[in-house]
Amino acid sequence: MREPGTGTQPDRERETGWRTDLAASLVSMGLGAWLFRETFSFSVTASERVGGGIDAAGYPRLLAGLTVLLGLALAGRALWRWRTARAAAPPAAEADGRGGGRLRAALSFAVLLLYTVLLEPLGFLLATPLAVGVLLRITGGRGAVHAAIAAVAFTAAIFVFFRYGVNIVLPEGLLRGISP
Amino acid sequence: MAELGALLAELGGLVGLAQVGALLIGLVLGIIVGVLPGLGPLLGVTLAIPFTFHMDPVSSIALLIGFYQGGSYGGAVTATVLGIPGTPIAAATLLDAHPMALAGRSSEAVTLATLASWIGGLIGGTVLLFTAPALAKIAVRFGPAETFALAALGLTAIASLSQGSTLKGLLSGLFGLMCATIGTDPFTGIARFNFDRTEFSGGLTFVALLVGLFAISEVLMQIERTMRGWQASERIGVAFSMFRTLVSRFFGYLRASLVGVGIGIIPAVGGVTSAFLAYKLARDFSKEPERFGKGAPEGVIASEAANSATTGGALIPMLALGIPGDPIVAVMMGGLLIHGVTPGPMLFFTNLEVLNGIFATFLIGAMLLLPLGLALLPLFVRVLRVPLDYMLAGVLLLAIFGTFAVQRQTLDLWIMWLFGVVGYAMRKAGFPLAPLVIGFVLGPIVEVSLRRAATLASSDLAGYFLGRPIALGILVLVLLALAFPLLRVLWQRRA
């Protein structure tokens, strides 16, 4: 039995497809290569080059190099799996029926990004009920009135907790000087 | 025994009202996040981290320990009532607790689980109290080579033994190490990967990375799944008759707790393994093994005592060696680092007050789990009626404003969202998240010790390590940890 990363979810115990692994390997190699190149822009002076090359630039360079190497190994494994998968019967298309779920997650994330943009200019007390209301509509399919009431209640609870519980002033935005 | 009593009294004197208050809050909220399916102690500890900034070190670790102990127990309530584990570590508890509930013995099952968690926590805490100082006495002689080797072992063990493929685990750990290099070089002060922004000179904000990686990605995964509510209508109370098992099944409690604490010390293995191993041992030792899986009280005792004792065991390498063995402990270690307290052998000499505070709060938390768990049982069962979308909205708001509150800058929120997406993508691609966070926490230790060793070694780093038998021995373990998945496959093929 393996230790999960987080929460109760099974955390992808199943094997991912070779395409996913190949994409992940390309991302790893790209990231490693970019970071490797970036380390040459560090201004390490000659007197700071100690430790047989494992210095301020050498250490991250070592990590970046290892990332590229492991990315290559992952790519090799993905291609090996592609070859063996091709030799076996063609796999059925992955039909996890999560199209709606993905859209819901993407929409929710877009709302959260927009909320982050609007948080400072609008302020916590105006932006939060709007964002929470929309989120509840998306995630729980709540009616408009139900979502609005819940959103206001959530906003009030969080505001009281942060403002009076832990004494943290949340962004005031348009209500600067008016908000409690 | 008298010495232990005196020691406990001394430790108790180190903890004031504020620390006990933080511990109580942590325990109650920890049980709640443990009860709620989809959350768990890791998310609880993660969400609690931002609030520890405004506390003294002992109060903050008391809050986190409360979340850890409470969260580890809470899943048993859900496993019993709903037949799904509230947390993965409660999966073994489910095997017998839910059949007991189906037979109308919910109160007995939950009372047993609470008793077992209580005993497991106490035994785990006692072993922690005596083992960690002994280990630290050995570790204090370690130089940079040994420190580097230990950190490498912690990282490779979690990458190799934890979820998914070893390659992906190692890549995840490397990514964490790379993230830790962002900011100012610890030796020369040179700016590295700071994207020409002064905000990054201190490195990535730990809280933003952590909350994004664990909380935001988890919420996105939950939103993506089919939304469903939980129904828990059964009334549950305390079955006092189960207290008799403390005598009649004493060895069952003890055996499972010792298994739990032993497994807890090993990096990356953790509560799920210890619970199942203790469960298997209980069945093997039972005169009626056929009752297991059909509502055997010994099964509940074994699983819960083991997973609770694991929490004490898992703290031993973190406190004595500065190496976190699992992601929850890594987050707790990050919480200590925020306060300038560096876990490791030197903690036993430089910061005794905090160290004893940790021991004391752990033991007090373990003691409080029983009265608290039983007294508030109806509340915890009622928590299961909270609609999932409300729960997610609450988690999101706490994540956003907990992260914002640390430095009061929106940049941290963007970092949080970025790592939320990274965490989501990693989960989808089968990359474990734990090595990343452990790599990030261990990053500065790995870098500083490796560069010190390299400086001391001059041009012969390999020769330097070869001349240090302890470091060499630990590096052999690193190689074994890396080879373990391959050996396992070969073993399975041969079998």
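This note goes through chain A and then through several helices and loops of chain B, point by point.

1. The structure is a predicted model, in which local features need pLDDT of at least 70, side-chain atom pairs count only at pLDDT 80 or more, and totals for chains, interfaces and linings use all residues. Residues are numbered from 1 along each chain as its sequence is written, while chains are lettered from A and ligands numbered from 1 in the order in which they are written.

2. Read from the N terminus, the order of its elements is α-α-α-α-α.

3. Of the 180 residues in chain A, 33% are buried; a residue is called buried if 20 or more other C-beta atoms lie within 10 Å of its own, exposed if 12 or fewer, and partly exposed in between, with C-beta atoms placed from the backbone. Two residues are in contact if their C-beta atoms, placed from the backbone, lie within 7 Å. Among the contacts of chain A between residues at least 6 apart in sequence, 61% join residues at least 24 apart.

4. In chain B, helix H3 (residues 41-48) is mostly covered, since eight of its eight residues are buried. Among them are B:Pro41, B:Leu42, B:Val45 and B:Ala48. The buried residues of H3(B) pack against helix H2 (17-35), helix H4 (57-81), helix H9 (206-224), helix H14 (327-338) and helix H18 (388-407) of chain B.

5. B:Ala48 counts as buried because 26 other C-beta atoms lie within 10 Å. B:Ala48 and B:Leu64 are 16 residues apart in sequence, and their C-alpha atoms are 6.9 Å apart in space.

6. B:Thr52 sits in the loop between H3 and H4 of chain B, and B:Thr52 is buried because it has 25 other C-beta atoms within 10 Å. Not counting residues up to four places away in sequence, B:Thr52 touches B:Ser60, B:Leu63, B:Leu64, B:Gly335 and B:Ile338. B:Glu224 is 172 residues from B:Thr52 along the chain, and 31 Å separate their C-alpha atoms.

7. Two packed helices are described by the angle between their axes and the distance between the axes. For H2(B) and H4(B), the axes come within 6 Å and cross at roughly 30 degrees; axes are lines fitted to C-alpha atoms, for helices over the stretch in contact, and angles run from 0 to 180 degrees between N-to-C directions. These two helices, H2(B) and H4(B), are therefore roughly parallel to each other, given that angles under 35 degrees count as roughly parallel, over 145 as roughly antiparallel, 65 to 115 as roughly perpendicular and the rest as oblique. The crossing of H2(B) and H4(B) is right-handed, a crossing being left-handed if the near helix is turned anticlockwise from the far one by less than a right angle, and right-handed if clockwise. By class, the contact of H2(B) with H4(B) has 21 nonpolar, 13 polar and no charged residues, where Ala, Val, Leu, Ile, Met, Phe, Trp, Tyr, Cys and Pro count as nonpolar, Asp, Glu, Lys and Arg as charged, and the others, Gly among them, as polar.

8. H4(B) also packs with helix H13 (residues 297-321) of chain B, at an angle of about 165 degrees and with the axes 9 Å apart, and the two helices H4(B) and H13(B) are therefore roughly antiparallel to each other. The crossing of H4(B) and H13(B) is right-handed. H4(B) contributes B:Tyr68, B:Gln69, B:Ser72, B:Tyr73 and B:Ala76 to the contact, and H13(B) contributes B:Glu304, B:Asn307, B:Ser308 and B:Thr311. By class, this contact of H4(B) with H13(B) has three nonpolar, five polar and one charged residues.

9. Most residues other than glycine have a negative phi. B:Arg408, in the loop between H18 and helix H19 (410-428) of chain B, has a positive phi of about 55 degrees although it is not a glycine. B:Arg408 is exposed, with 11 other C-beta atoms within 10 Å.

Terms used:
Helices (H or I, at least four residues) and strands (E, at least two) are DSSP runs, numbered from the N terminus.
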